[in-house]
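Q: I would like to learn how to read a model feature by feature. Can we take one and work through it?

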Amino acid sequence: GEAIAAGIAAGGAERDLTLADGNAMPGAMALAMTLWEYQVHGWDLAVATGQVWAPAPEAVDGSIGFAEQMLTPDFQGEGLAFAPRVPVPADAPAIERLVGMSGRDPQWAPPA
């Protein structure tokens, strides 16, 4: 947490981040992607292990905006990097809407 906050305070969101493959990504996009992955994979782990996952709703709302732009038809669907979107009611909690648009069923539970 402290290292991330220090990096942001030092202007990390305004600079490009060089990825392992040598390509660059805007710092703000890298931070948004990291937050989205943290929230969705946090949900994956919590649900699979029977734990509660409740990230801050305002952070999840930001990730919903990012996912809406990132999860285009060329990335999401059968045989692609992300499973098809799972329909979720518009009034569902933000984390359920986020995992649904990320190809997960928010009602999923591990087998008993």
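Q: Is Gly62 buried, partly exposed or exposed?
A: Start with the cut-offs: buried is under 20% relative accessible area and exposed is over 50%. Gly62 has a relative accessible area of 45%, so Gly62 is partly exposed. This residue lies in helix H3. The C-alpha atoms of Gly62 and Ala94 are separated by 9.9 Å, and the two residues are 32 apart along the chain.

Q: What is the mean pLDDT of the protein chain?
A: This is a predicted model, and the chain averages a pLDDT of 90. At least 70 is reached by 99% of the residues.

Q: Which residues touch the most other members of the largest nonpolar core?
A: They are Trp36, Val60, Ile64, Ala67, Ile95 and Leu98, in a core of 17 residues. Helices H2 (27-48), H3 (57-70) and H4 (94-101) each give two or more residues to this core. H2 supplies the largest share, six residues.

Q: Which residues does Ile64 touch, not counting those up to four places away in sequence?
A: Ile64 touches Ala94, Arg97, Leu98 and Met101.

Q: Which residues make the nonpolar surface patch of about 250 Å²?
A: Ile4, Ile8 and Leu31 make the patch. Ile4 lies in helix H1, residues 2-9.

Q: Why does Ile4 count as exposed?
A: Exposed means over 50% relative accessible area. Ile4 is at 53% relative accessibility, so Ile4 counts as exposed.

Notes
Residues are numbered from 1 along each chain as its sequence is written. This is a predicted model: local features need pLDDT of at least 70, side-chain atom pairs count only at pLDDT 80 or more; totals for chains, interfaces and linings use all residues. Side-chain values use heavy atoms; hydrogens and water are left out. A nonpolar core is a set of buried Ala, Val, Leu, Ile, Met, Phe, Trp, Tyr and Cys residues joined through side-chain atoms within 4.5 Å. Buried means under 20% relative accessible area, exposed over 50%, partly exposed in between (1.4 Å probe, protein chains only). Helices (H or I, at least four residues) and strands (E, at least two) are DSSP runs, numbered from the N terminus. Contact means heavy atoms within 4.5 Å. Patches are made of residues with over 30% relative accessible area and no salt bridge: like charges are joined within 9 Å, nonpolar side chains (Val, Leu, Ile, Met, Phe, Trp, Tyr) within 5 Å. Accessible areas come from the Shrake-Rupley method with a 1.4 Å probe; for residues, only the protein chains shown count as cover. A salt bridge is a side-chain nitrogen of Lys or Arg within 4 Å of a carboxyl oxygen of Asp or Glu. pLDDT is the predictor's confidence in each residue, from 0 to 100.
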